[in-house]
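User: Please examine the model shown below and answer a series of questions on its architecture.

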Amino acid sequence: MFASRYVGIIKDALFASTFGATYLADVFMVAFRFPQMLRVFFADWTVYGTLVPELSKAYNDHPDKAKPLLQGYFSFMLVLVSSLIVCGELFAPYITPFLAPGFADDPIRSNLLIDLFRILLPIILFVSLGTTLVSVQNVLQRFWIQPSYRCGQDIVLITIIFSFRNFFEPYQLIHWVAWGAMLSGILQVSVMIFLCYKDNFPIRFIRSFWTKETKTLALKMIKTAFASFGLYMLTFVGVMFASMLAPGQITYLLCVDRLILVAVDAFGGAISTILLTYVGKSLGNEKKLRLLLEDIVLVSLQMSLVAAVLVFLAAPYLVKILYGYGRFSSEDCLYVAQILQYAVWGMPAFALTRMLSLYSISIQKSGIACTASIVSVVVSVCANYWFLNHGYGCIGVALSTAIALWSGVLCYAPLLYRIRWQFGMLTMLWNTIHALLGYLLWLYIPINMAMGITLTSYFIAGKYLRILRIGQERVLGV
């Protein structure tokens with residue numbers, strides 16, 4: 001998972017240095033972002049959270065029972081997503097103005113957006129089918145396949161940009177990059193089909209796919225998608241409002257979005273991968289569920305607060321290291337760093353929302369997550385409208401996203417009130433102070449001495465706090 005995010009950063013840095021903060025980059029980002037937004041409905045955690053448990057259960061009962069289940073779901077996704085793509089291709093001129101309202105008055109950007117939209121839209125078919133096939137590898141406990149699969153697209157795009165950047169003009173190259181994204185999807189699905197055949201999971205289309213099992217999976221998929229669509233829609237809403245600003249603002253915003261996702265995945269993604277398994281084992285045991293909820297919230301919040309502080313302090317250096325090359329000027333880097341310093345305060349809310357949405361879905365309380373998604377999107381639209389009318393520019397978009405994320409967290413109050421916050425606040429305060437001290441030491445003290453001091457202090461204080469926690473649990477009898 002971490003590897004896929006780091007490869008994505010390399011791709012974004014190479015893309016920024018090649019195209020800069022120009023209208024070409026903005027248009028490509030909008031066209032590429034739409035199929036990525038649809039992943040919440042047809043791929044990623046929506047599929048993993050619905051298909052993997054059922055497929056794993058069927059496989060454990062008897063391996064042959066899992067094959068018709070997989071083939072039925074694969075056929076269902078093939079028909080559903082293909083139908084949506086055909087509609088999208090036909091009505092592209094009417095859809096794209098909603099993706100970037102600010103492009104409507106510029107025929108160059110609007111026509112290019114329609115072209116790239118039609119090239120990139122089928123990516124969602126390959127992503128949804130690929131995610132379905134990756135579920136087989138998760139059932140077989142080959143967890144390394146999932147992040148490797150996600151790296152494939154970025155590796156192909158890196159290769160195309162690096163190989164062709166000196167042979168084509170930017171306008172031609174942006175089309176090559178779009179077709180490269182399509183090619184990577186075809187290659188990824190082909191590899192996954194081969195692996196499934198190798199593992200005795202033949203993939204074929206069946207006409208009678210609408211069975212009772214497929215209906216159940218489709219219903220669960222819809223619930224899971226609507227419970228977590230808010231996190232994906234916030235970036236989409238931000239891009240819509242950023243399109244009304246000067247060229248380059250969308251590129252700035254999505255560079256910041258990538259850095260936030262990498263930081264959140266460093267703790268949120270890792271915890272999310274394990275969360276569903278432990279929640280499933282604890283269902284029916286309220287005591288274990290309460291302790292599990294407390295642990296995931298406190299650990300996620302502590303780590304995200306520390307990460308937010310460090311990213312805020314290191315933003316100018318971080319952005320310059322990653323994006324300060326080629327057509328991406330020093331002024332561009334400075335503005336991206338400023339946006340990042342405002343957006344980073346939504347990071348703890350992002351991590352909490354991701355944890356709590358999965359938790360609420362797992363304990364059959366998806367209504368809470370759906371409410372949080374709706375509230376966060378509505379708040380984002382209202383806040384973006386206010387900030388842009390008052391001249392805050394792209395910084396206003398970042399602030400709107402942070403405010404919307406925290407408003408979504410408030411909707412999880414029925415779950416958060418069960419947590420013992422006294423000890424958690426103490427450890428969060430210590431971790432934040434320790435992060436600041438560590439940052440200053442690494443800046444102003446030779447690197448070897450800084451490493452020794454930070455590791456020693458963390459070991460001593462961390463051990464002491466763990467003893468306090470164990471003592472508290474024994475006193476409370478939990």
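User: What percentage of the residues in the protein is buried?
Analyst: The model is a predicted one. A residue counts as buried when its relative accessible area is under 20%. Of the 478 residues in the protein, the buried share is 55%.

User: How many helices and how many strands does the secondary structure comprise?
Analyst: Both element types were looked for along the chain. The secondary structure of the protein comes to 0 strands and 20 helices.

User: What share of the contacts with a separation of 6 or more joins residues 24 or more positions apart?
Analyst: The contacts considered are those in the protein with a separation of 6 or more. Among these, residues 24 or more positions apart account for 84%.

User: Which cysteines does Tyr323 touch, leaving aside residues up to four places away in sequence?
Analyst: Tyr323 is one of the residues with the most contacts inside the largest nonpolar core. Its partners include Asp12, Ala13, Ala16, Arg258, Leu259 and Phe328.

User: How far apart are the end C-alpha atoms of helix H16, and what span should its 24 residues have?
Analyst: Helix H16 covers residues 366-389, and at 1.5 Å a residue its 24 residues should span 34 Å.

User: Which residue with a positive phi follows H16?
Analyst: Within H16, the buried residues include Ser366, Ala369, Ser373, Val377 and Phe387. After H16 comes a residue whose phi is near 80°, namely Gly391.

User: Is Lys67 buried or exposed?
Analyst: Lys67 lies in helix H5, which runs over residues 63-90. Beyond residues up to four places away in sequence, Lys67 touches Asn200, Phe201 and Pro202. Its relative accessible area is 16%, and the cut-off is under 20%. Lys67 therefore counts as buried.

User: What is the area of the nonpolar surface patch that includes Val86?
Analyst: Val86 is also found in helix H5. Because its relative accessibility is 48%, Val86 counts as partly exposed. Together with Leu90, Phe91 and Tyr94, Val86 makes a nonpolar surface patch of about 470 Å².

Key. Residues numbered from 1 in each chain as written. Predicted model: local features only at pLDDT ≥ 70, side-chain atom pairs only at ≥ 80, totals over all residues. Heavy atoms only, no water. Helix = DSSP H or I, 4+ residues; strand = E, 2+ residues; numbered from the N terminus. Buried < 20%, exposed > 50% of the residue type's maximum accessible area, 1.4 Å probe, protein only. Contact = heavy atoms within 4.5 Å. Patch = residues over 30% accessible without salt bridge, like charges linked within 9 Å, V, L, I, M, F, W, Y side chains within 5 Å. Areas by Shrake-Rupley, 256 points an atom, 1.4 Å probe, with all protein chains shown as cover. Salt bridge = Lys/Arg side-chain N within 4 Å of Asp/Glu carboxyl O. Expected span 1.5 Å × (residues − 1). Core = buried A, V, L, I, M, F, W, Y, C linked by side-chain atoms within 4.5 Å.
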